[in-house]
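Reader: I am new to reading protein models. Could you take me through this one, step by step?
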Amino acid sequence: MAVIVFAVATWQAVLLCLLFAVIYVGSLYVWGGTSGKDRDHPDVIKRRFMSVGVVCMIAPPLLWSFSTSSSEATGHTILELMGVRFYGLIPATVIPLLLTMILFLGPLYLHYMDGVFRLYLEPRYWTTSVQNYVWLRNHLVAPFSEELIFRATMLPLLVPAFGMGWSIFLCPLFFGVAHFHHMIEKVIHRQAEVSDALKQTVFQIAYTTVFGAYSAFLFLRTGHLVAPVIAHAFCNHMGFPAFNEVMGYAQPTRYKLISLFVIGLVLWAFLLFPLTSPWLYSSYVYVE
């Protein structure tokens with residue numbers, strides 16, 4: 001496969017990333033015949049599966065069209081730049097997931113206390129889940145398609161133009177703003193008043209932007225697309241930490257839960273760089 005580099009200007013990199021974001025979000029609304037149906041309706045989900053599938057197929061060749069051939073040692077193949085590699089695949093599949101689980105130590109213990117873990121041992125839970133379109137969207141299609149578009153196609157453009165540090169903070173801005181369309185859907189389907197929908201959407205943009213920075217960090221440090229995909233699927237499964245539920249417990253359980261939330265955050269911060277060290281993943285693509 002040909003070795004390439006991306007040598008676009010900073011403004012071109014930003015515009016191309018914006019183009020990818022618009023194409024992805026726009027593909028969700030190209031279908032007719034779904035008026036009056038919300039985003040969780042099976043008909044809407046199935047059609048959106050098809051449209052984002054098409055976007056995921058055209059994104060790599062579209063990205064490649066803006067590259068230039070290179071014979072230099074700094075060049076890589078389009079697949080390598082998009083995080084599709086064999087070497088280091090197993091660590092990239094396991095370690096970032098464990099790191100993210102450490103961050104969610106408190107919420108995971110809440111799941112244990114609520115008995116949710118017992119569900120995972122039930123075969124019926126998994127057979128029912130894989131037949132549920134909402135579950136498939138949240139755990140498979142959305143994590144893969146969003147990471148492919150918002151990380152694997154944007155970071156190869158942003159890193160040469162802005163460097164790794166700035167790219168980690170710029171890339172999630174496209175990801176966060178791309179969630180603004182949820183506000184429009186909530187208002188159209190009368191799921192919330194405009195003011196409430198705006199508050200919910202601003203909050204969603206805030207935490208998806210923070211996650212996007214973490215996801216971009218995982219992608220660049222590991223050099224693997226699978227790392228942010230699995231972390232994304234896990235975070236979708238866990239949802240935003242239920243801090244309000246913690247306060248509903250009496251002492252000393254409340255202190256125990258708060259301690260686990262804090263311990264998880266501290267351990268995650270302490271292990272973030274060691275467990276994403278590029279040598280663990282044979283990562284040589286985005287190493288400065």
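Author: Let us begin with a term: a salt bridge is a side-chain nitrogen of Lys or Arg within 4 Å of a carboxyl oxygen of Asp or Glu. This is a predicted model, in which local features need pLDDT of at least 70 and side-chain atom pairs count only at pLDDT 80 or more, while totals for chains, interfaces and linings use all residues. Residues are numbered from 1 along each chain as its sequence is written, and side-chain values use heavy atoms, with hydrogens and water left out.

Reader: How many salt bridges does the structure hold?
Author: The structure holds two. In one of them, Arg151 pairs with Glu147, and the closest N and O atoms are 2.8 Å apart. In another, the side chains of Arg137 and Asp40 meet at 2.8 Å, N to O.

Reader: Where do Arg137 and Asp40 sit?
Author: Arg137 is in helix α8 and Asp40 is in the loop between α1 and α2, so the pair links distant parts of the chain, 97 residues apart. Helices here are DSSP runs of H or I with at least four residues, numbered from the N terminus.

Reader: Is Arg137 buried or exposed?
Author: Arg137 counts as buried because its relative accessibility is 11%. The term buried means under 20% relative accessible area, exposed means over 50%, and partly exposed lies in between (1.4 Å probe, protein chains only). Asp40, with a relative accessible area of 37%, is partly exposed.

Reader: And how far apart in helix α8 are Arg151 and Glu147?
Author: They are four residues apart in helix α8, which means that about one helical turn separates Arg151 and Glu147. Both Arg151 and Glu147 are buried; for Arg151 the relative accessibility is 0%.

Reader: Changing topic, which residues touch the most other members of the largest nonpolar core?
Author: They are Phe150, Met154, Leu157, Leu220 and Tyr286, in a core of 56 residues. The largest share of this core, nine residues, comes from α9. A nonpolar core is a set of buried Ala, Val, Leu, Ile, Met, Phe, Trp, Tyr and Cys residues joined through side-chain atoms within 4.5 Å. In soluble globular proteins, nonpolar side chains tend to be buried together.

Reader: What does Met154 touch?
Author: Not counting residues up to four places away in sequence, Met154 touches Cys17, Phe20, Ala21, Ile149, Cys171 and Phe174.

Reader: Where does His224 lie?
Author: His224 lies in the loop between α11 and α12, and with 0% relative accessibility it counts as buried. A polar atom of the His224 side chain lies 2.7 Å from the backbone oxygen of Tyr87. The His224 side chain also reaches the backbone oxygen of Gly88, at 3.4 Å.

Reader: At what angle do the axes of helix α4 and α14 cross?
Author: They cross at roughly 145° and come within 7 Å. Axes are lines fitted to C-alpha atoms, for helices over the stretch in contact, and angles run from 0 to 180 degrees between N-to-C directions. Leu99, Ile102 and Leu103 in α4 meet Gly264, Leu265, Leu267, Trp268 and Leu271 in α14.

Reader: Which peptide bond is cis?
Author: A cis peptide bond, with omega of about 0°, joins Gln251 and Pro252. Pro252 lies in the loop between α13 and α14.

Reader: What is the phi of Ser282?
Author: Ser282 has a positive phi of about 50°, although it is not a glycine. Most residues other than glycine have a negative phi, and most peptide bonds are trans. Ser282 is found in the segment after α14 and is partly exposed, at 36% relative accessible area.

How values were computed:
Helices (H or I, at least four residues) and strands (E, at least two) are DSSP runs, numbered from the N terminus. Contact means heavy atoms within 4.5 Å. A polar contact is a pair of N or O atoms within 3.5 Å; within protein, one must be able to donate a hydrogen and the other to accept it, and residues adjacent in sequence count only if both atoms are side-chain atoms.
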